[in-house]
Amino acid sequence: MATLSPPGIDPRAQALGAAHGILRSIARGEPISEVYARIADDARSLIGAASVGIALRYTEGEELLDFVAAAGDDPRAVVGMRIRAEASIAERVFRTGRPFV
């Protein structure tokens, strides 16, 4: 999938810039929800995706995915959502450790 890097900008340089910005956010002590949101936005931009979600495993009787951040189409509709891990593509990512693109 193509990135959204501006013409003439090395995608590796864009990725390093994103990582630097995330580390600055952490060093400044920004709330973790804002750091997650920045990661989602930067990831979406770097891979050229329409939407990106960040989910953490959450176990309360059954294994769930807790969406802590999203970027793209209406991220507020996704953040805070909990779904059963087994019913999602994200479960495959967690199980294999490989991205699903």
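Me: Is aspartate 74 buried, partly exposed or exposed in this model?
Reply: The model is a predicted one, and in it aspartate 74 is found in the loop between E2 and E3. Its phi is near 40 degrees, which is a positive value in a residue other than glycine. Buried means under 20% relative accessible area and exposed means over 50%, and because aspartate 74 has 43% relative accessibility, it counts as partly exposed.

Me: Which residues is valine 79 in contact with, leaving aside its neighbours within four places in sequence?
Reply: Valine 79 is found in the loop between E2 and strand E3 (82–84), and at 40% relative accessibility it counts as partly exposed. The C-alpha atoms of valine 79 and aspartate 66 are 13 residues apart along the chain and are separated by 8.0 Å. Once the neighbours within four places in sequence are set aside, the contacts of valine 79 are Phe67, Val68, Ala69 and Ala70.

Me: Which residues does alanine 85 touch, not counting those up to four places away in sequence?
Reply: Alanine 85 is found in the loop between E3 and H3. Because its relative accessible area is 4%, and buried means under 20%, alanine 85 is buried. Without the residues up to four places away in sequence, alanine 85 touches Glu63, Leu64, Leu65 and Glu91.

Me: What distance separates the C-alpha atoms of alanine 85 and arginine 24?
Reply: Threonine 59, which lies in strand E1, is 26 residues from alanine 85 along the chain, and their C-alpha atoms are separated by 9.8 Å. For alanine 85 and arginine 24, which are 61 residues apart along the chain, the separation of the C-alpha atoms is 32 Å.

Me: Is threonine 59 buried or exposed?
Reply: Threonine 59 lies in strand E1, and its relative accessibility is 61%. Since the exposed class is for values over 50%, threonine 59 counts as exposed.

Me: Is aspartate 42 buried or exposed, and which residues is it in contact with beyond four places in sequence?
Reply: The place of aspartate 42 is in helix H2, and its relative accessible area is 16%. Because buried means under 20%, aspartate 42 is buried. Leaving aside its neighbours within four places in sequence, the contacts of aspartate 42 are Ala18 and Ile22.

Me: Which elements do the buried residues of H2 pack against?
Reply: The buried residues of H2 are Val35, Ala40 and Asp42. The elements that these buried residues pack against are helix H1 (11–27), E1 and E2.

Me: How many Å apart are the end C-alpha atoms of H2?
Reply: H2 has 16 residues, and at 1.5 Å a residue it should span 22 Å. Just after H2, glycine 48 takes a positive phi of about 75 degrees.

Me: What distance separates the C-alpha atoms of proline 11 and alanine 27?
Reply: Proline 11 has its place in helix H1, and it is partly exposed, with a relative accessible area of 41%. Proline 11 and alanine 27 are 16 residues apart along the chain, and the separation of their C-alpha atoms is 24 Å.

Me: Which residues are the closest to the centre of the largest pocket?
Reply: The largest pocket has a volume of about 730 Å³. Of the 22 residues that line the largest pocket, the closest to its centre are Ser51, Val52, Gly53, Ile54 and Phe100.

Me: How many nonpolar, polar and charged residues does the lining of the largest pocket have?
Reply: The elements that give two or more residues to the lining of the largest pocket are helix H2 (32–47), strand E1 (52–60), strand E2 (62–71) and helix H3 (89–96). By class, the lining of the largest pocket is made up of 19 nonpolar, two polar and one charged residues.

Me: What pattern does the protein chain follow along the sequence?
Reply: The secondary structure of the protein chain comes to three helices and three strands, and its C-alpha trace spans about 50 × 35 × 25 Å along the principal axes. Of the 101 residues in the protein chain, buried residues make up 23%. Read along the sequence, the pattern of the protein chain is α-α-β-β-β-α.

Conventions
Residues numbered from 1 in each chain as written. Predicted model: local features only at pLDDT ≥ 70, side-chain atom pairs only at ≥ 80, totals over all residues. Heavy atoms only, no water. 1 Å grid on protein atoms, 1.4 Å probe; cavity = no way out; pocket = protein on both sides within 12 Å on 5 of 7 lines; lining within 4 Å. Points joined across faces, edges and corners; volume = space filled by probe spheres on them. Helix = DSSP H or I, 4+ residues; strand = E, 2+ residues; numbered from the N terminus. Nonpolar A, V, L, I, M, F, W, Y, C, P; charged D, E, K, R; others polar. Buried < 20%, exposed > 50% of the residue type's maximum accessible area, 1.4 Å probe, protein only. Expected span 1.5 Å × (residues − 1). Contact = heavy atoms within 4.5 Å.
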